[in-house]
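Here is a short briefing on one protein model. Keep the sequence and the 3D view open as you read.

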Amino acid sequence: MLLFVLRRHSLPAQFRLRNLFSSSSDSAASAVPPLKPFSVVEYLVDSCGLSAAEASKASLSLSGLKSSEKPDYFLNFLKSQGFTDSHIKRIININPRSVSIKVEPKFRSWLDAGFSQSDLVEIITSYPYILNLTMRSVVPKLEFWDRLFGSRELLVKRLKQKWFFNYSVEKRILPNLKFFMDVCGISEEKASQATRNRPEFLAQKPDSIQTLVRRADELGVPRQSPMYPRLLIALYGINKEKFEAKHKLFTSLGWSESDFFTAVRKTPTLLTISQPHIRRKIEFFVKEVGCSPSFITQHPGILLFSLDKRVIPRFQVLELLKSENLWTAKASLLSYIILSDKKFMEKFVLPYKEKVPKLVDIYCWPSREVSV
């Protein structure tokens with residue numbers, strides 16, 4: 001009877017073995033923790049220094065990123081080329097997809113094109129989307145602008161600006177340049193000189209260019225005048241409303257309408273000076289220096305120099321020399337403002353520094369830049 005019961009309730013051998021191995025493997029599986037899935041947000045925070053909010057936003061552009069392989073390569077290469085943590089953080093915040101780009105071949109191509117490693121650190125950090133561009137699309141633009149600027153330093157400076165790669169040289173820049181040369185009679189050399197400070201001027205829509213040309217023509221500046229390209233650039237930075245506001249300001253300071261337009265034709269960049277600077281400069285020349293309004297209208301370029309860095313220090317030096325009876329020349333202040341710093345120092349500061357030590361303190365080597 002007992003044997004019958006045992007036989008009846010005993011399990012088949014294969015079933016008993018299967019359950020034995022099954023429970024053994026279940027125990028082993030439970031002992032090894034499952035692999036944690038790759039988290040883009042955590043990676044951007046822990047490895048790239050982004051904040052949680054920044055990482056969350058950047059991760060929206062990286063939904064296809066499933067491992068750290070590509071971003072590890074990206075980070076390691078940039079760091080090996082001199083990019084700091086703050087540089088890399090800025091690049092990823094602006095262009096999150098850059099972490100998946102094979103950046104080394106692009107970097108090498110830029111170096112082969114003649115850019116230095118430090119240039120590329122500045123350029124890529126300033127405009128991270130440049131990493132998305134192919135060298136095939138970049139090289140023609142570089143060659144064009146390099147020739148037009150005539151300066152690699154200036155080219156590097158402009159490469160940092162967003163607009164630079166947004167416009168086609170063939171479809172936008174060259175047609176505009178051709179318009180200036182063929183219709184306005186401006187040589188490529190003069191166009192190059194005029195646009196070095198505002199090269200985005202050539203990226204305007206054709207109808208905007210034509211509007212500027214009409215406005216310049218209305219001011220009575222001949223197209224053959226060397227001032228014509230400069231006038232176009234100045235008008236590009238100031239709409240009609242702002243132009244009229246400048247006009248009213250000058251007339252409120254004692255200028256006639258004729259004075260104003262004559263000054264603009266002589267010195268178009270006068271229009272680029274802010275209204276507070278214009279008022280302060282004219283008041284200084286009239287009240288402190290004793291210039292007549294007519295003198296300023298005849299020599300409007302005097303308003304382009306920085307008061308604090310150039311005009312006032314030189315005026316004070318000359319006045320001090322006068323008070324010590326060391327200088328009695330009657331030439332206008334303009335004659336001394338236009339001198340280079342070196343020449344002014346050699347002529348009016350260094351020869352008298354023993355007798356009047358205060359001269360060096362007053363002048364103190366101001367900036368050589370002409371600014372507003």
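Contact here means heavy atoms within 4.5 Å. With that cut-off, and leaving aside neighbours within four places in sequence, Lys106 is in contact with Ile101, Leu131, Asn132, Leu133 and Thr134. The model is a predicted one. The protein has 22 helices and zero strands.

**Overall picture**

- The protein has 372 residues, and 40% of them count as buried.
- Take the contacts with a separation of 6 or more: 69% of them join residues 24 or more positions apart.
- The largest nonpolar core has 112 residues.
- Helix H19, residues 307-323, gives the most to this core, with eight residues.
- Which residues have the most contacts inside the core? They are Leu44, Trp110, Trp145, Phe285 and Leu303.
- Take Leu44 and set aside residues up to four places away in sequence. Leu44 then touches Gly49, Leu50, Ala55, Ala58, Ser59, Leu62 and Ile92.

**Helices H7 and H8**

- Helix H7 covers residues 103-112, and helix H8 covers residues 117-126.
- Their axes come within 10 Å and cross at roughly 125 degrees.
- That angle makes H7 oblique to H8.
- The crossing of H7 and H8 is right-handed.
- H7 brings Phe107, Trp110 and Leu111 to the contact, and H8 brings Gln117, Leu120 and Ile124.
- The residues of this H7 and H8 contact divide into five nonpolar, one polar and no charged.

- Lys106 sits in helix H7.
- Is Lys106 buried or exposed? Its relative accessibility is 18%, so Lys106 counts as buried; the cut-off for buried is under 20%.
- Lys106 and Asn132 are 26 residues apart in sequence, yet 9.4 Å apart in space, C-alpha to C-alpha.
- Asn132 is also one of the contacts of Lys106.
- Ser98 is found in the loop between helix H6 (85-94) and H7.
- Ser98 is buried, with a relative accessible area of 0%.
- Not counting residues up to four places away in sequence, Ser98 touches Phe74, Ile91, Ile92 and Leu131.
- Leu131 turns up again as a contact of Lys106, and Ile92 turns up as a contact of Leu44.

**Helices H15 and H16**

- Helix H15 covers residues 240-252, and helix H16 covers residues 257-266.
- How do their axes cross? They come within 9 Å and cross at roughly 125 degrees.
- That makes H15 oblique to H16.
- This crossing of H15 and H16 is right-handed.
- On the H15 side, Phe243, Lys246, His247 and Phe250 make the contact; on the H16 side, Glu257, Phe260 and Phe261 do.
- The residues of this H15 and H16 contact divide into four nonpolar, one polar and two charged.

**Lys240 in H15**

- Lys240 lies in helix H15.
- Lys240 has 52% relative accessibility, so it counts as exposed; the cut-off for exposed is over 50%.
- Lys240 and Arg215 are 25 residues apart in sequence.
- In space, Lys240 and Arg215 are 9.0 Å apart, C-alpha to C-alpha.

**Helix H14**

- Helix H14, residues 227-236, is mostly covered.
- How many of its 10 residues are buried? Eight of them are.
- The buried residues of H14 are Met227, Tyr228, Pro229, Leu231, Leu232, Ile233, Ala234 and Leu235.
- What do they pack against? The partners are helix H11 (169-182), helix H12 (188-195), helix H13 (206-218), H15 and H16.

**Asn325, a loop residue**

- Asn325 is found in the loop between H19 and helix H20 (333-337).
- Asn325 is exposed, with a relative accessible area of 65%.
- Look at its backbone too: Asn325 has a positive phi of about 55 degrees, although it is not a glycine.

How values were computed. Residues numbered from 1 in each chain as written. Predicted model: local features only at pLDDT ≥ 70, side-chain atom pairs only at ≥ 80, totals over all residues. Heavy atoms only, no water. Axes fitted to C-alpha atoms, helices over the stretch in contact; angles between N-to-C directions. Helix = DSSP H or I, 4+ residues; strand = E, 2+ residues; numbered from the N terminus. Parallel < 35°, antiparallel > 145°, perpendicular 65-115°, else oblique. Left-handed = near helix turned anticlockwise from the far one by under 90°. Nonpolar A, V, L, I, M, F, W, Y, C, P; charged D, E, K, R; others polar. Core = buried A, V, L, I, M, F, W, Y, C linked by side-chain atoms within 4.5 Å. Buried < 20%, exposed > 50% of the residue type's maximum accessible area, 1.4 Å probe, protein only.
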